[in-house]
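Dear colleague,

I am passing this structure on to you, and below it you will find some notes on what turned up when I went through it. Please keep the structure open while you read.

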Amino acid sequence: ERYTNADYFLLLKVLFIHVFAAHRGNGEYIKPTGVISLPISQYNNDDTVGEIRTTLCSKMTLVDMDGCELRVEIQDKRLVIVPESYGALMHYAYDLKTGKKRATADTSGSTLVIDIGYETTDVSLFEGLKYQRDQSYTIQRAGMGIVARAIHDYVDKAVKGADVSRIDRELQAIAGVAIGAPKVIQPLPGVTVDVTEVYDSEIVDLGTRIAQGVATNTSQDVNRILLAGGGDYHLSRVIDDQLTGEIASTPDPDVANVLGTFTMLQIQARG
């Protein structure tokens with residue numbers, strides 16, 4: 001529910017004050033162009049998308065702690081709302097700096113994007129670059145948070161005071177290490193713990209769950225499968241072993257959605 005929560009919109013207003021700091025106090029309304037990407041379960045809900053658009057598309061006067069005003073007008077035509085996986089597909093297809101199609105990218109036919117997040121995994125089907133709503137879905141309770149919390153519980157038995165957020169960051173250092181190879185993290189500064197057994201077990205279990213969810217819920221053959229999201233660093237090998245067909249990863253999978261939606265805006269601005 002965060003995308004329709006008052007605190008979400010308050011957070012955006014604070015963001016505007018910082019991003020458009022140079023426009024504070026000038027008395028004119030600025031009219032920025034922006035994009036919001038939503039998880040599939042939220043994007044496929046027309047009421048949620050409509051509420052976000054209705055709430056944001058307005059004139060607003062924001063006042064900072066010094067009493068300086070920033071005037072912002074969000075226009076309907078300047079606000080783009082897309083499913084999160086669309087950005088990943090765009091970043092796969094187009095170079096961020098040039099806005100040109102990557103020579104190695106093929107978006108012809110159908111592409112299934114598997115976007116592995118912290119709590120859930122979004123699976124989206126595209127024909128070319130066109131989103132197919134009826135073939136897109138969310139696999140619940142299938143994100144890297146499951147792995148982070150399992151390792152936190154394991155570490156907590158030996159080392160008290162470890163924070164799950166720190167453990168999540170520590171996992172970045174062992175992402176992609178082969179199953180069975182040693183994996184050591186520092187849950188606290190200067191304290192090391194071997195998490196090989198629990199990490200391998202959780203990664204295989206999660207990767208298998210995602211692969212089985214895709215195989216069960218995707219009702220057509222696709223030309224390619226594209227992996228995205230921070231979980232790609234950890235799960236690509238497991239998923240690749242269990243799904244057939246052409247499987248690739250987006251560049252910069254953990255931030256591909258952000259970079260791809262920004263590229264989309266740049267391409268639109270160029271006309």
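**Cores, helices and a sheet**

Leaving aside residues up to four places away in sequence, F16 touches A21, M60, L62, L70 and I74, and please bear in mind that the model is predicted. F16 belongs to the largest nonpolar core, which has 40 residues, and together with L38, I52 and L70 it touches the most other members. Helix α4, residues 84-93, gives the most to this core, with 6 residues. Apart from this core lies another one, of 34 residues, including V123, A148, I151 and L235.

How do α4 and helix α9 lie relative to each other? Their axes come within 6 Å and cross at roughly 75°, and because angles of 65 to 115 degrees count as roughly perpendicular, α4 and α9 are described as roughly perpendicular to each other. Among the residues that meet are E84, Y86 and M90 in α4 and L259, M264 and I267 in α9, and the residues of this contact divide into 7 nonpolar, 6 polar and 1 charged.

There is also an open sheet of 5 strands with mixed pairing, in the order β7-β6-β5-β10-β11. Its edge strands, β7 (130-139) and β11 (247-249), each pair on one side only, and the twist averages 20° from one strand to the next. Within the sheet, β5 and β10 pair in the parallel sense over 5 bridges, and L112 has I225 in β10 as its bridge partner. Helix α8, residues 232-242, lies across β5, β10 and β11 and runs at about 150° to β10.

Best wishes

Conventions. Residues numbered from 1 in each chain as written. Predicted model: local features only at pLDDT ≥ 70, side-chain atom pairs only at ≥ 80, totals over all residues. Heavy atoms only, no water. Core = buried A, V, L, I, M, F, W, Y, C linked by side-chain atoms within 4.5 Å. Buried < 20%, exposed > 50% of the residue type's maximum accessible area, 1.4 Å probe, protein only. Helix = DSSP H or I, 4+ residues; strand = E, 2+ residues; numbered from the N terminus. Contact = heavy atoms within 4.5 Å. Axes fitted to C-alpha atoms, helices over the stretch in contact; angles between N-to-C directions. Parallel < 35°, antiparallel > 145°, perpendicular 65-115°, else oblique. Nonpolar A, V, L, I, M, F, W, Y, C, P; charged D, E, K, R; others polar. Pairing = 2+ DSSP bridges.
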